[in-house]
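Trainee: I have a model open and some time before the next run. Can we go through it together?
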Amino acid sequence: MKNIINELWHGNIIPQEYSRTNSQEMKELLGYMARHHEDLEKTFSDEQKETFEKFHDC
């Protein structure tokens, strides 16, 4: 058990990658969101990027 917790903590195991709820449609939507996230971020000033990153982390 301790080994699994350590692996999760260090980011070596990503449970959501193996979720059964990640249908093909969900994967496409996540890709769509990632593309638009990158495009939007390119238009930001440094201050806006910092604010957006804080928002995204929440």
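Trainee: Is lysine 42 buried or exposed?

Mentor: Lysine 42 is exposed, because its relative accessible area is 66%. Buried means under 20% relative accessible area, exposed over 50%, and partly exposed in between, with a 1.4 Å probe and protein chains only.

Trainee: Which residue does lysine 42 form a salt bridge with?

Mentor: Aspartate 39, with the closest N and O atoms 3.9 Å apart. A salt bridge here is a side-chain nitrogen of Lys or Arg within 4 Å of a carboxyl oxygen of Asp or Glu. Both residues lie in helix H2, 3 residues apart, about one turn of the helix. Aspartate 39 is partly exposed, because its relative accessibility is 43%.

Trainee: Why would such side chains pair at all?

Mentor: Side chains of opposite charge can pair when their charged atoms come close.

Trainee: Before I go on, what kind of model is this?

Mentor: It is a predicted model: local features need pLDDT of at least 70, side-chain atom pairs count only at pLDDT 80 or more, and totals for chains, interfaces and linings use all residues. Residues are numbered from 1 along each chain as its sequence is written, and side-chain values use heavy atoms, with hydrogens and water left out.

Trainee: Where is confidence lowest, and where is it highest?

Mentor: The lowest is in helix H1 (residues 2-9), at a mean of 77, and the highest is in H3, at 88. For the protein, the mean pLDDT is 80, and 83% of the residues reach 70 or more. pLDDT is the predictor's confidence in each residue, from 0 to 100.

Trainee: How many helices and strands are there?

Mentor: There are 3 helices and 0 strands, in the order α-α-α along the sequence. Helices (H or I, at least four residues) and strands (E, at least two) are DSSP runs, numbered from the N terminus.

Trainee: Back to salt bridges. How many does the whole structure have?

Mentor: The search finds 2. Besides the one between lysine 42 and aspartate 39, lysine 54 meets glutamate 50 at 3.5 Å, N to O. Lysine 54 and glutamate 50 are separated by about one helical turn, because they are 4 residues apart in helix H3 (residues 46-57). Lysine 54 is exposed at 53%, and glutamate 50 is partly exposed at 48%.

Trainee: What about aromatic pairs, how many?

Mentor: There are 2 aromatic pairs in the whole structure. One of them joins phenylalanine 52 and phenylalanine 55, stacked at 6.3 Å centre to centre with 25° between the planes. Rings of Phe, Tyr and Trp (its six-membered ring) pair if their centres lie within 6.5 Å; planes under 30 degrees apart count as stacked, over 60 as edge-to-face and the rest as tilted. Phe44, Phe52 and Phe55 form one aromatic cluster.

Trainee: And phenylalanine 52, buried or exposed?

Mentor: Phenylalanine 52 is buried, at 16%, whereas phenylalanine 55 is exposed, at 63%.

Trainee: What share of the protein is buried?

Mentor: Buried residues make up 3% of the 58 residues.

Trainee: Last topic. Which residues make the nonpolar surface patch?

Mentor: Met26, Leu29, Leu30, Tyr32 and Met33 make a patch of about 490 Å². Patches are made of residues with over 30% relative accessible area and no salt bridge: like charges are joined within 9 Å, nonpolar side chains (Val, Leu, Ile, Met, Phe, Trp, Tyr) within 5 Å. Methionine 33 is in helix H2 (residues 24-42) and is exposed at 54%.

Methods
Accessible areas come from the Shrake-Rupley method with a 1.4 Å probe; for residues, only the protein chains shown count as cover.
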